[in-house]
Amino acid sequence: MQGISDKTAVVTGAGSGIGRASAERFAAEGANVVIADVVADTGRETVDIIEDAGGDAVFVEVDVSDPDSVEEMVDTAVETYGGLDFAHNNAGILTGFARVTDIEDGQWDRLLDINLKGIWNCMKAELPVMADEGGAAIVNTASEAGLVGMGGLASYSASKHGVVGLTKTVALEYASRGVRVNAIAPGPTETNIQANSGGGNTDPTEFEFDTSAMVDVPMGRGATADEMAGVVAFLCSDDASYITGHTLPVDGGQAAD
Ligand code: NAD
């Protein structure tokens, strides 16, 4: 893809799933990649994978719900590679299925802090570095649950609808300042987080893919993380130079149903 080589990208949640695939894709396209994750072991594994393939990456431990930590992530990009061109703000969690009245305050707050406030924290830190340089792009990971309601996922769906609204608004604010801002809305994707939605456990690194979520996909299967990574790369590339403010469903046809 044109326009990615020799640029710098930061990917949050890059230790696993969609984030790791996105980081690998940025590196394969010739970008330097800042691998940001709250889990250091898996984040460093992603760096190893990229370096073994001949790419350039650096790890930074970040909790996206903590603004100071996110500032350090952006500082790492600037200090290591001299700037920041692309951001895939992707880190997110599920806390398991529960009726809205059964969600505990702490669970609600934690999920919103990571999935929605985390994206705000990231864009607040990234935009001052990216604005007015030209050719910059942000891709936020929303979800199909950010476009329609999903029973049992009230806090998750609320957070992802918030990501869609935030994406549109920031796109308007930076359209004339050289930063395009879009989101992807993945359908069920083969990562550890999917099984997490059935288990109620909050550790996103422990689970296998739950195939029951594939039932309502017109294409009859879940996505691979690589299928998300390709769309993220496209949205950052020169081929998407006139696209901003959109949330692109990458969902095997779910949004058409
Ligand atoms: P995953 O669990 O494989 O990866 C998520 C990564 O985010 C993990 O490496 C985890 O350590 C990291 N993370 C969690 N909390 C963090 C925090 N506070 N700070 C920094 N990093 C943190 O899951 P995934 O499926 O790859 O999820 C990536 C994104 O895709 C999430 O935003 C998720 O909501 C979204 N999504 C996933 C699916 C799916 O079916 N897998 C569908 C729609 C949307």
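**Exercises on a predicted model**

Helix 1 passes helix 2 in a right-handed crossing (the near helix is turned clockwise from the far one by less than a right angle). The model is predicted; local features require pLDDT of at least 70, side-chain atom pairs count only at pLDDT 80 or more, and totals for chains, interfaces and linings use all residues. Residues are numbered from 1 along each chain as its sequence is written.

**Exercise 1.** Determine how helix 1 and helix 2 are oriented, and which residues make the contact.

*Solution.* Helices here are DSSP runs of H or I with at least four residues, and strands are runs of E with at least two, numbered from the N terminus. Helix 1 spans residues 17-28, and its axis lies 10 Å from that of helix 2, at an angle of about 30 degrees (axes are lines fitted to C-alpha atoms over the stretch in contact; angles run from 0 to 180 degrees between N-to-C directions). The two helices are therefore roughly parallel, a term for angles under 35 degrees. Arg20, Ala23, Glu24 and Ala27 of helix 1 meet Thr46, Ile49 and Ile50 of helix 2, contact being C-beta atoms, placed from the backbone, within 7 Å.

**Exercise 2.** Classify Asp132 as buried or exposed, and locate it.

*Solution.* Asp132 belongs to the loop between helix 4 (105-130) and strand 5 (136-141). Its phi is positive, about 70 degrees, although Asp132 is not a glycine. Most residues other than glycine have a negative phi. Asp132 counts as exposed because it has 11 C-beta neighbours inside 10 Å, the cut-off being 12 or fewer, with C-beta atoms placed from the backbone.

How values were computed:
Buried ≥ 20, exposed ≤ 12 C-beta atoms within 10 Å, placed from the backbone. Parallel < 35°, antiparallel > 145°, perpendicular 65-115°, else oblique. Contact = placed C-beta atoms within 7 Å.
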